[in-house]
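Hello,

Here is the structure we talked about. Please open it, then read the notes below.

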Amino acid sequence: MPPSSPSTRDLRIDFFRGLALIFIFWDHITGSFFGYFTMRNLGFSDAAELFVFLSGVSAAIAYGKRLQRRGYVSTTMHILSRSWTLYIAHVFVLTQLMAMLFLVNDHVLTRDYVNEMGLSYFLENPKAALVASSLLRFRPGLMDPLPLYIVLLAMMVVVLPFLLRRPRWVLLASGALYLLATFNEWNFEARPNKEWFFNPFTWQFLFFIGALVGSHREANAQWLARCSVRFRQSLLWGALAFLAICAVVTVSWSWPAWHDSWMPRPVAELLYPISKSYLGGARLLHFLALVLVAVLLLPQGKWLDGKFFQALQMMGRHTLPVFCVSVLLSPMADALNAIEGDDWWMQCITAVLGVVLLWAVAQLLEWYRRDESKA
C-alpha cells in the first residue's frame, strides 16, 4: 500500500522520533533489561540510525520550504541559528552531566562513573578538556549525538540548494564521501577517545538519504503509487527476509558457540566488524530495509490517532529538549539501579518513570507553545 499524500504533515516522522527517544533512553541505562526491547537487539542498526535519518527528513522539509519562501541567505541564517542553539544545548548538558556524575560517583560504591564515562581525562587535563569541550572535541559518554547534528547542519548549508535541483549529485557526492571516509578512516579527533564516536563523514550519508526522501516526498509517493502491486509485494517480502536473517544473526551473538557453528567463516570475515562509528554497510542496509517496510506497511492513517501514538508524536515534536533531559536522566536511572543491586523491580521503576518524565517535559512544552500561540 503506497503512503498517503505528502501534502499533509507526515505524523509518522514525529511518532518514530518519539519512539527513538525512548529507545535511546533505555539503551543508555547500563545493564537494564529494558534495553533488550529496543531496535539494537533485533538487527544491525539501532535508534541512532532512526534518529539521524528522521533528522535529515525533517530538516529537508522545514528548510526546503523556507528556501522557496525566503531565499538562500535567510535559510542559511536560520540553519546557523539552529546550530548555535544545539551548541549551547550541548555545552549546558555537558556541564550538568559532569556535575551529576561526580556527585553520583561518591554515592555508588559498585561503579566508577568517572572512568566509565571518560571524565578522568577532565581531572587529569582540566585546561585542555575545557578548550576541547568548546571545540566539540571533549565528549564523555552520552555526549556524541548533538555534535554530530551540528556538523550535519553545517553540511546542510552547502547541500540544501542542490537537494531539489540536483538530487542525484547529492546522492553521488554523499555516497562518495561515505566510501572515502570508510576506506581511508577519515574522522575528527576527540577526547578522551581518539576520534568521534559518530563519524560525521560517514553518518552524513544516512542524513542526506533522509534529506532526499524528505525533499522529494511527492515524487517518491507518485513513483511508488505507479508501481504494480506485485512489485511492491516483492520489495516487501525481500526486505522482510533480509531483516529476518539479520535478526537471527543478532540473536546468535548471545550464544557464540551456536553462532560459530553455522556462520561460514568467509561470510563472517566479510560481515564483521559491523562498525557503528563508521556506519558499517550492514547497518546501513539493515536500516534502509526497515524504512522500506515501514513505508509499505505503515501509511498514515487512524492508527496514529490513539492516545499512546499521539503521546509519542508530541515527544517527537520536541526532540531537542526531550533528548537533553534523557541524557541527564539515564545516568540517574543507572545509579539508582546500581544502588539497589540492579534488581528487576528497580529497573522497571527507573525505565518507566524516566519515560513518564520525558513525556511530561514534552507535555509542558506543548502546553506552552499552544498558550503562546493564543497570546
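Does Arg-369 count as buried, partly exposed or exposed? Arg-369 counts as partly exposed, at 41% relative accessibility. Keep in mind that this is a predicted model.

Arg-369 forms a salt bridge with Glu-366, with the closest N and O atoms 3.2 Å apart. The two residues are 3 apart in helix α17 (residues 344–374), so about one helical turn separates them. Glu-366 counts as buried, at 4% relative accessibility.

The whole structure has 13 salt bridges. One of them joins the side chains of Arg-111 and Asp-334, at 3.0 Å from N to O. That pair links distant parts of the chain: Arg-111 is in the loop between α3 and α4 (113–116), Asp-334 is in helix α16 (residues 319–339), and they are 223 residues apart. Arg-111 and Asp-334 are buried. Elsewhere, salt bridges link Asp-46, Glu-49, Lys-276 and Arg-283 in a network.

Arg-139 has two partners to look at. Its side chain meets Asp-144 in a salt bridge (3.1 Å, N to O). Arg-139 also lies over the face of Trp-196, 4.2 Å from the ring centre. Arg-139 is buried, with a relative accessible area of 4%.

Now the rings and the core. There are 25 aromatic pairs. In one of them, Phe-102 and Phe-122 have ring centres 6.4 Å apart and planes at 45°, so the pair is tilted. Ring pairs also link Phe-15, Phe-16, Trp-303, Phe-308 and Phe-309 into a cluster. The largest nonpolar core has 97 residues, and Trp-26, Met-156 and Leu-163 touch the most other members.

Best wishes

Conventions. Residues numbered from 1 in each chain as written. Predicted model: local features only at pLDDT ≥ 70, side-chain atom pairs only at ≥ 80, totals over all residues. Heavy atoms only, no water. Core = buried A, V, L, I, M, F, W, Y, C linked by side-chain atoms within 4.5 Å. Buried < 20%, exposed > 50% of the residue type's maximum accessible area, 1.4 Å probe, protein only. Phe/Tyr/Trp six-rings, centres within 6.5 Å; stacked < 30°, edge-to-face > 60°. Lys NZ or Arg CZ within 6 Å of the ring centre and 35° of its normal. Salt bridge = Lys/Arg side-chain N within 4 Å of Asp/Glu carboxyl O. Helix = DSSP H or I, 4+ residues; strand = E, 2+ residues; numbered from the N terminus.
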